[in-house]
Amino acid sequence: MTATATPTASTGAAAATDQPMTHRQVMEALSGLLLGLFVAVLSSTVVSNALPRILTDLHGGQSAYTWVITATLLTLTASTPIWGKLSDLASKKLLLQIALVIYIASSALAGFSQNTGQLIACRALQGIGAGGVTALAQICLAAMVPPRERGRYSGYFGAVFALATIGGPLIGGVIVDTSWLGWRWCFYVGIPFALAAILVLQRTLKLPVVRRKVRIDYLGALVITGAVSLLMIWITLAGKNYAWLSWQTAAMVGGGLLLGALAVVVERRAAEPIIPPHLFRHRTVTLSALASVLVGIGMYGATTFLSQYFQLARDKSPTVAGLMTLPMILGLAVSSTVAGRLITKYGKWKAYLVAGTLLLAVGFALLGTARADTAYGLLSVYMAITGIGLGLTMQNLVLAVQNTVPRAELGAASSVVTFFRTMGGAMGVSALGALMNNRVGHYLAENLAAAHVPAGGALGGGIPDLHKLPAPLVPLVTDAFGHGVGVVFLVAAPFALLAFFTVLFIRETVLRTAQD
């Protein structure tokens, strides 16, 4: 069964297609896209340094810590391909503005949360809006400029990603450290930026709208979401709520794999599939998707667990913890911007992917040696290497895919990369969070036994407030968290190494100098 596609673009839209945007027009529209991207990234990073304080106030534990992050990544992952597909069928600008409205509403609701359950639910809704913004921002850029020119503009995306990554923890840290604000403002602070983005996009973003009769693949969206959700929930709860080898594991893994297989069948038969299977006939798309999963595991793990390391292993305030991650973020911003300009100049991109994934693996391996008393100078070098690796990798995987597919499928193809990256990140945060919880408990028990301190109720099952613990317990707890976070990065390193071997097999094609 096929859907009828009858383009009926208006005269103005057709003219917009024939007349490429000038550099000034691109930069004006880009300002709105970057504002939107900033708040989308901010939604995940602004809480990272504030979470220990938030969960202490809401009486949440390590599981809640993981799920406040994971809930956003889960819905962001599941919604990304849907937003991408819709962008091939409807107005990209309108969809982007709708995503920003969802972000605003969910942020306001998150600020009113009274318990961890409400907060997690609001964060899940926030992920839907953030998924739309992150996917559609890159899709709009791809619709505005040809692949060869896209490199330098993608560099701006990387720089803003870095700004939001560092600005989020710093803003969140300052907010929770300011008595007259309180942690709820971590969710309110992005609302003015989102409103500004909507207004700027309304005035500056002018893209052709091609209207056609379509069929939305609701069944595909449902089974894809179900498959990802089941596997995510299993990774988060296994080993704590039930054994890794148990009937619950069999049911969730089996159900997830069954839904995944069903998704393949549904997408192959759908008239307008959410994730078009034929895209994976392109070698670059398949390998970029696989590399994105592997990179996502490390990327989200780095930003999530570094905050816990500096606050709980080194007893730093949320604000100082944000400042201490500067080397990684500066490395990301500089490498992304410089690589983008070089790609635009020479039209080659594969070398940056190879170097980026290799540096990412090295950076994670070095961070795996971190302990509570590791010299900050060494940590700065390790974080800078990791940041440079991320900056050379993230945007360039999207660019490689966009250069491979026809313009009519830019939305679906771009969202595929983002989908797999966030899926890897969501599952990575869940799995690494469970691993960290296990390792911290193990090392703390060892430390307590060695110090001949009774283990019962040392942390009360929650995120510890180091300033409220008895003085003899503090070094035992910080040592356990330092060692636990180190193990997390050590486990993440092989995934980045696999990404390195994956991108080696991507076939490089010189970037096109014109739109299709």
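A charge sits over a ring if NZ of Lys or CZ of Arg is within 6 Å of the ring centre and within 35 degrees of the ring normal. With that criterion I examined arginine 439, whose charged end sits over the ring of tyrosine 443, 5.6 Å from its centre.

I note that this is a predicted model, in which local features need pLDDT of at least 70 and side-chain atom pairs count only at pLDDT 80 or more, while totals for chains, interfaces and linings use all residues. Residues are numbered from 1 along each chain as its sequence is written, and side-chain values use heavy atoms, with hydrogens and water left out.

Aromatic rings. I looked up ring pairs (rings of Phe, Tyr and Trp, its six-membered ring, with centres within 6.5 Å). The structure holds nine aromatic pairs. One aromatic cluster is formed by Phe112, Trp185 and Tyr188.

Helix packing. I describe two packed helices by the angle between their axes and the distance between the axes. Helices are DSSP runs (H or I, at least four residues), numbered from the N terminus. Axes are lines fitted to C-alpha atoms over the stretch in contact, and angles run from 0 to 180 degrees between N-to-C directions.

H2 and H9. I found helix H2 (residues 23-45) packed against helix H9 (residues 191-204) at about 155°, with the axes 8 Å apart. H2 is therefore roughly antiparallel to H9 (an angle over 145 degrees). Their crossing is left-handed (the near helix is turned anticlockwise from the far one by less than a right angle). Contact means heavy atoms within 4.5 Å; on the H2 side the residues include Glu28, Leu35 and Phe38, and on the H9 side they include Phe193, Val200 and Thr204. I recorded 11 nonpolar, four polar and one charged residues in this contact. For these classes, Ala, Val, Leu, Ile, Met, Phe, Trp, Tyr, Cys and Pro count as nonpolar, Asp, Glu, Lys and Arg as charged, and the others, Gly among them, as polar.

H2 and H5. I next found that the axes of H2 and H5 come within 11 Å and cross at roughly 35°. H2 passes H5 in a left-handed crossing. Leu33, Gly36, Val39 and Ser43 of H2 meet Leu96, Leu100 and Tyr103 of H5. This contact comprises five nonpolar, two polar and no charged residues.

H5 and H6. Lastly, I looked up helix H5 (residues 92-111) and helix H6 (residues 116-144), whose axes come within 8 Å and cross at roughly 155°. H5 is therefore roughly antiparallel to H6. The crossing of H5 and H6 is left-handed, and their contact has 18 nonpolar, five polar and one charged residues.

Conventions: Helix = DSSP H or I, 4+ residues; strand = E, 2+ residues; numbered from the N terminus. Parallel < 35°, antiparallel > 145°, perpendicular 65-115°, else oblique. Phe/Tyr/Trp six-rings, centres within 6.5 Å; stacked < 30°, edge-to-face > 60°.
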